[in-house]
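Please keep the structure open while reading.

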Amino acid sequence: MDSSSKIVRDPVYKQFKAVIKDILLKQVRWPAGSQLATERVLSEEFKLSRVTISKALSELEAEGLIEKRPPGGTFVTEKVKSRGLVKFLFYLNDPLSIFPGYALVLSVLESRLAAKGIGLIFTSSIQDDMTQPRAIVVVGPVGAEALNGTAMHSPRVTVDFGSFVDGVDGVEIDNVAGAQKAVEFLYEKGHRRIGYLGCFRKTEQDEWPNSKLRRDGYLAALRKLKLEVNPDYQCLSWAEPISSKLVTQRLFELSSPPTALLCFSEKQALGALEASRGMTPKRGRTFETICFADQPRENTVKGLVAFCVAPWRKVAEAAADLVLQRLEKPNATPIHKVLSSEVIAAIDPV
């Protein structure tokens with residue numbers, strides 16, 4: 001995706017405005033005080049109508065980035081020196097629309113930056129370095145390798161990264177504490193044989209960083225509650241129902257299978273519940289699951305008893321706070337903020 005692309009495609013004049021605004025804020029081609037190319041020249045260069053060019057420039061003038069000085073032409077104002085761009089890197093191949101938590105972070109960040117006169121560029125490519133941003137926000141549980149290739153001189157803020165990085169600001173969701181709460185919830189419901197279904201990342205030898213942290217919380221809760229730590233209860237699958245169904249079926253084949261399962265994602269929980277239909281755990285209770293999710297459903301399915309929900313609104317606001325603080329004080333000591341997930345009981349199906 002091009003760095004100037006939007007989640008929803010803007011009108012042509014808006015796209016052109018974004019391109020010119022990017023150039024102005026970089027202070028390379030038309031620095032403050034210089035004369036902007038004429039509408040005729042811009043029309044020929046960008047192969048756009050004069051009407052489109054004029055409408056875009058009018059909005060840039062309203063924002064104070066350029067000013068018309070008849071009869072001398074249009075000039076770049078000094079305001080471009082105090083404004084800049086923040087790059088939002090979404091380091092996943094999937095569309096942002098299927099990650100409502102990350103989409104909320106983008107929305108809040110864009111709004112908070114706009115109020116300060118700062119532009120935001122969204123990209124899903126870590127290699128895209130066409131801009132010279134004032135700050136970079138990297139979102140997704142991808143690990144420290146995702147920072148390779150980002151502008152080292154620019155302040156960087158990570159969100160839901162999987163772990164903090166030395167010298168970099170970050171907002172983390174406490175996956176360990178969330179998993180502990182989830183296991184305790186199942187314990188209070190009477191379960192004593194509780195399994196964990198984590199998630200592969202790229203290969204079957206690779207696990208998502210957040211999956212490892214949730215496993216740590218799961219194990220910590222078992223020890224705290226003095227429950228058996230059974231390696232056979234700890235499994236991995238892909239983040240989709242078919243894979244998790246097959247893994248859960250193998251759990252049911254154990255001589256003493258788990259009666260409850262903490263799942264990395266809702267899709268995995270649904271696959272696990274599909275496997276449980278028509279299969280009663282040996283010497284056990286009705287099979288139930290709890291899963292991590294961006295938000296609980298209004299209605300759910302029998303057996304999915306609760307959601308471990310990330311506090312995305314708080315995460316989004318915290319990320320925006322960190323970016324704005326770092327823009328004001330770029331050399332300040334990095335700040336790490338940890339926000340805990342909450343366990344929300346599922347609503348019975350209608």
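1. Cysteine 263 has a relative accessible area of 0%, so this residue is buried. Keep in mind that the model is predicted.

2. Cysteine 263 takes part in no disulfide. Its nearest cysteine sulfur belongs to cysteine 291 and is 6.7 Å away. A disulfide requires the two sulfur atoms to be within 2.5 Å. By this rule, the count of disulfides is zero. In general, a disulfide is a covalent bond between the sulfur atoms of two cysteines.

3. Cysteine 199 is also worth a look. With a relative accessibility of 1%, cysteine 199 counts as buried, because buried means under 20%.

4. How many aromatic pairs does a search of the whole structure find? The search gives eight. A pair of aromatic rings is described by the distance of the centres and the angle of the planes. For phenylalanine 90 and tyrosine 102, the centres are 5.9 Å apart and the planes are at 65°, so this pair is edge-to-face; the angle for that class is over 60 degrees.

5. Phenylalanine 90 is buried at 1% relative accessible area, and tyrosine 102 is buried at 5%. One aromatic cluster is formed by Phe90, Phe99, Tyr102 and Trp312.

6. Two arginines deserve a check against rings. The charged end of arginine 69 sits over the ring of phenylalanine 75, at 4.4 Å from the ring centre. Arginine 214 lies over the face of phenylalanine 292, 3.9 Å from the centre of that ring.

Notes:
Residues numbered from 1 in each chain as written. Predicted model: local features only at pLDDT ≥ 70, side-chain atom pairs only at ≥ 80, totals over all residues. Heavy atoms only, no water. Phe/Tyr/Trp six-rings, centres within 6.5 Å; stacked < 30°, edge-to-face > 60°. Buried < 20%, exposed > 50% of the residue type's maximum accessible area, 1.4 Å probe, protein only. Lys NZ or Arg CZ within 6 Å of the ring centre and 35° of its normal.
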